[in-house]
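Biologist: Thanks for sitting down with me over this one. Could we go through it together, with the cut-offs spelled out as we go?

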Amino acid sequence: MAELGSKGVTAGKIASNVQKKLTRAQEKVLQKLGKADETKDEQFEQCVQNFNKQLSEGTRLQKDLRTYLASVKAMHEASKKLTECLQEVYEPDWPGRDDTNKIAENNDLLWTDFHQKLVDQALLTMDTYLGQFPDIKSRIAKRGRKLVDYDSARHHFEALQTAKKKDETKIAKPVSLLEKAAPQWCQGKLQAHLVAQTNLLRNQAEEELVKAQKVFEEMNVDLQEELPSLWNSRVGFYVNTFQSIAGLEENFHKEMSKLNQNLHDVLLGLDKQYSGNAFPVKAQPRKKTKLFARLRKKMSSDSTPAKANKSPSPPPDGSPITSPETKTVNHELEPSTLEAPGASIPKSPSQPAEAAHARAEAAGSEAAAGAEASKNEADAGSSSLPAVVVETFPATVNGTVEGGTSSERADMPPGFLFKVQAMHDYTATDSDELQLKAGDVVLVIPFENPEEQDEGWLMGVKESDWIQHKELDQCRGVFPENFTERVQ
């Protein structure tokens, strides 16, 4: 029986709720159609707008704060991996190994503490702040439903009031048929019944109106007080939240700065102890044939005269004089190696051996050539050959004669391109390379044969050597480009 009673109550409540929903829906339709007036409260509507804005801002702040915390956690993981890498590469015999391990541990603890304090002092406070909004939002929605109930009860009561006046008019003038059909004594009871029924409906409607008005006003008064207070509380909440975050960040970065300074000092001590083992900047490897080195080697091997101060005696049979040294010079110093395209070296048709001997002396030693010329008058005719060889070789760049052009600067080497300054010391590893010191200025010139240029290498002459000697043969050389910086 109790279960049936409980079910009956539940069923009645459900029916009542359904009836209320239908009544509210009907009331809203009438209000939208303009057939029923709606109770308006502009002040409360403004409070509702502020509430929705505050809820939106708080939700966004909570979302961004969670994103910030996720970023802090990611930075913690990245920092942890970095310190682990430092611990792995820090060799046991290096000074400060224990210090680096301690710094790594403190770094990890500092990140963990920073993240936890952000959760406790910012995120949890944010969650608590937003926790009050769902209840208030629900009460605002309920207040809106009660307002519709109030308007509906008010309209119903007003309708009964209007009907009462019409019924009183009808009762004052009864229908003639009813008067004729009903006995005299019955007519009075009929009128009393109609009046009582009308009064009952009006009283019920009035009670419902009073009840609906009371419920609505209670909720409305509470919200009218809470919403403005909640709106004003946002200022203090934002101040506390951002002050907490700023303070935590300030302390975190202070402690982290100390750890970084300690790590800097440890690494500085390591650098001082192993400063003699600094690794210099390396140049790009050279892969192509070093033509300039080959030429210098040939010239240096040919510069030593073999018994140049003695004139060979002619053989008894009168055959031409031929020495092993002269043959070697003729074989190695071919015109295609030293001559520019289109250039020609004058030869004495009657003295082929002396001409070859002169070419060798021109590449090696002018003094030997003078000594030979004093003992052999035939060599005087070939004395102009050294000048031709010396002048032709450096003046030929990329197959064209650059010397003597009007557009070229007189104080620069032929084919000058631009200036560079050495940023690091470079120790030459071959005879055709320049030895550089940091600060040296080099005048860059083109390669005679572009195919001989290796990637990352330039041809040039140090400015100091050029100013002093004004010659390229013994001064120019190649050097790594990544050791220098262009200055002009």
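Biologist: Is Glu 226 buried, partly exposed or exposed, and what is its relative accessible area?

Modeller: Happy to start there, with two notes on the source. This is a predicted model, in which local features need pLDDT of at least 70 and side-chain atom pairs count only at pLDDT 80 or more, while totals for chains, interfaces and linings use all residues. Residues are numbered from 1 along each chain as its sequence is written, and side-chain values use heavy atoms, with hydrogens and water left out. Buried means under 20% relative accessible area, exposed over 50% and partly exposed in between (1.4 Å probe, protein chains only), so Glu 226 counts as partly exposed, at 31%.

Biologist: Which side chain does Glu 226 meet in a salt bridge?

Modeller: A salt bridge here is a side-chain nitrogen of Lys or Arg within 4 Å of a carboxyl oxygen of Asp or Glu. For Glu 226 the N to O distance is 2.8 Å, and the partner is Arg 139.

Biologist: Why does that pair tie together separate parts of the sequence, and how many residues apart are they?

Modeller: Helices are DSSP runs of H or I with at least four residues, strands are E runs of at least two, and both are numbered from the N terminus. Glu 226 lies in helix H6 (residues 184–273) and Arg 139 in helix H4 (residues 133–172), so the parts that the pair ties together are 87 residues apart.

Biologist: What about Arg 476 and Glu 448: how many residues apart are they?

Modeller: Their side chains meet in a salt bridge at 2.9 Å, N to O. Arg 476 is in the loop between helix H13 (463–469) and S6, whereas Glu 448 is in the loop between S4 and S5, so the pair links distant parts of the chain, 28 residues apart.

Biologist: Which of those two partners is buried?

Modeller: Glu 448 counts as partly exposed at 25% relative accessibility. At 3%, the buried one is Arg 476.

Biologist: Which residue in S4 stands opposite Val 420?

Modeller: Two strands pair if DSSP finds at least two bridges between them. Strand S3 (residues 418–422) and S4 pair in the antiparallel sense over four bridges, and four bridges also join S4 to strand S5 (residues 457–462), again antiparallel. On the S5 side, Lys 462 stands opposite the residue you want; facing Val 420 is Val 442.

Biologist: How many residues of strand S4 are buried?

Modeller: Strand S4 spans residues 441–445 and is mostly covered. Of its five residues, the buried ones number four.

Biologist: Why do Tyr 426 and Phe 483 count as they do, and what is the pair called?

Modeller: Rings of Phe, Tyr and Trp (its six-membered ring) pair if their centres lie within 6.5 Å; planes under 30 degrees apart are stacked, over 60 edge-to-face and the rest tilted. The centres of Tyr 426 and Phe 483 are 5.2 Å apart and their planes stand at 70 degrees, so the pair is edge-to-face.
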